[in-house]
Amino acid sequence: MSVVEIVDHPLIQHKISLMRDRNTGTKEFRDLASEVAMLLCYEATRDLPTEEVEVETPIALARTKVLAGRKLALVPILRAGLGMVDGMLRLIPAAKVGHIGLYRDEESLKPVEYYCKLPSDINEREVIVLDPMLATGGSASDAITQIKKRGAKHIKFIGLIAAPEGMKALHEAHPDVDIYVGTLDEGLNDKGYIVPGLGDAGDRIFGTK
């Protein structure tokens, strides 16, 4: 059974509150996005398998645990998802990084794919798809569909903020995918933006507003 979790850790809620503030500058916003992603990564990787090894400490031999070597891949949805990669890599530096590019058609609000480059062994990896905003759920659902077509079998999604509509759409489209988000907002406005949200995450991460 898949996991759908709103990670309501106080640090995550505090940092998202700072991100919401329209007066938060580009550098601080970018740093906060990376930090929240790292905190969400901690929770989403809780089920990684471990194995016992013997380590010689300065005092004695210890039987202790290390990661069992499961291969991981991060796939940010361009471009806003790029703002989450560095924070994730701080915790899982051996992960490979793919990229998938989607844009939202302003009329239909449906995602259009324009780029996809994944690790060649994606079918052997646990994939974590990254996108700060889970709004309509269209981009995330389409990205995961494309990743599955290329052989991935174990996929998780991490987002900073979600609308109920997006959570429902993604879970219905991909009931096998675990979903982790920092907070669940009220809903969407008539332009498909999350309310109250934090504006356009890509523009605020890259200073292109």
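This is a predicted model: local features need pLDDT of at least 70, side-chain atom pairs count only at pLDDT 80 or more; totals for chains, interfaces and linings use all residues.
Leaving aside neighbours within four places in sequence, with which residues is Ile 194 in contact?

Residues are numbered from 1 along each chain as its sequence is written, and side-chain values use heavy atoms, with hydrogens and water left out.

**View 1. Helices α1 and α2 cross in a left-handed sense.** Helix α1 spans residues 10–20, and its axis comes within 9 Å of that of α2, the two crossing at roughly 155 degrees. Helices here are DSSP runs of H or I with at least four residues, strands are runs of E with at least two, and both are numbered from the N terminus. Axes are lines fitted to C-alpha atoms, for helices over the stretch in contact, with angles running from 0 to 180 degrees between N-to-C directions. The two helices α1 and α2 are therefore roughly antiparallel, a class for angles over 145 degrees. A left-handed crossing is one in which the near helix is turned anticlockwise from the far one by less than a right angle. Residues of α1 that meet α2 include Leu 11, Ile 12, Lys 15 and Met 19, and among their counterparts in α2 are Phe 29, Leu 32, Val 36 and Leu 40.

**View 2. Val 36 lies in helix α2, residues 26–44.** Val 36 counts as buried because its relative accessibility is 0%, where buried means under 20% relative accessible area, exposed over 50% and partly exposed in between, with a 1.4 Å probe and protein chains only. Not counting residues up to four places away in sequence, Val 36 touches Ile 12, Lys 15, Ile 16, Met 19 and Leu 160, a contact being heavy atoms within 4.5 Å. Although Val 36 and Ile 16 are 20 residues apart in sequence, their C-alpha atoms are 7.5 Å apart in space.

**View 3. Glu 126 is placed in strand β8.** With a relative accessible area of 7%, Glu 126 is buried. Its contacts beyond four places in sequence include Leu 48, Arg 70, Leu 72, His 154 and Lys 156.

**View 4. Pro 132 sits in the loop between β8 (126–130) and β9 (133–134).** Pro 132 is listed by UniProt, in an unreviewed entry, under "binding site", and the lining of the largest pocket includes Pro 132. Such annotations may be inferred rather than shown by experiment. Pro 132 counts as buried at 1% relative accessibility, and among the residues that Pro 132 touches, leaving out those up to four places away in sequence, are Ala 80, Met 84, Leu 160 and Ile 205.

**View 5. Ile 194 is found in strand β13, residues 194–195.** Ile 194 is buried at a relative accessible area of 8%, and beyond four places in sequence it is in contact with Met 133, Leu 134, Ala 135, Ile 161, Ala 162, Ala 163, Asp 185, Gly 187 and Leu 188. Ala 135 lies in the loop between β9 and α4 (138–149) and, at 13% relative accessibility, counts as buried.

**View 6. Gly 199 is found in the loop between β13 and α6 (201–206).** At 42% relative accessibility, Gly 199 counts as partly exposed.

Notes
On a 1 Å grid over the protein atoms alone, a cavity is a set of points where a 1.4 Å probe fits but cannot get out, and a pocket is an open set with protein on both sides within 12 Å along at least five of seven lines; lining residues have an atom within 4 Å of a point. Angles under 35 degrees count as roughly parallel, over 145 as roughly antiparallel, 65 to 115 as roughly perpendicular and the rest as oblique.
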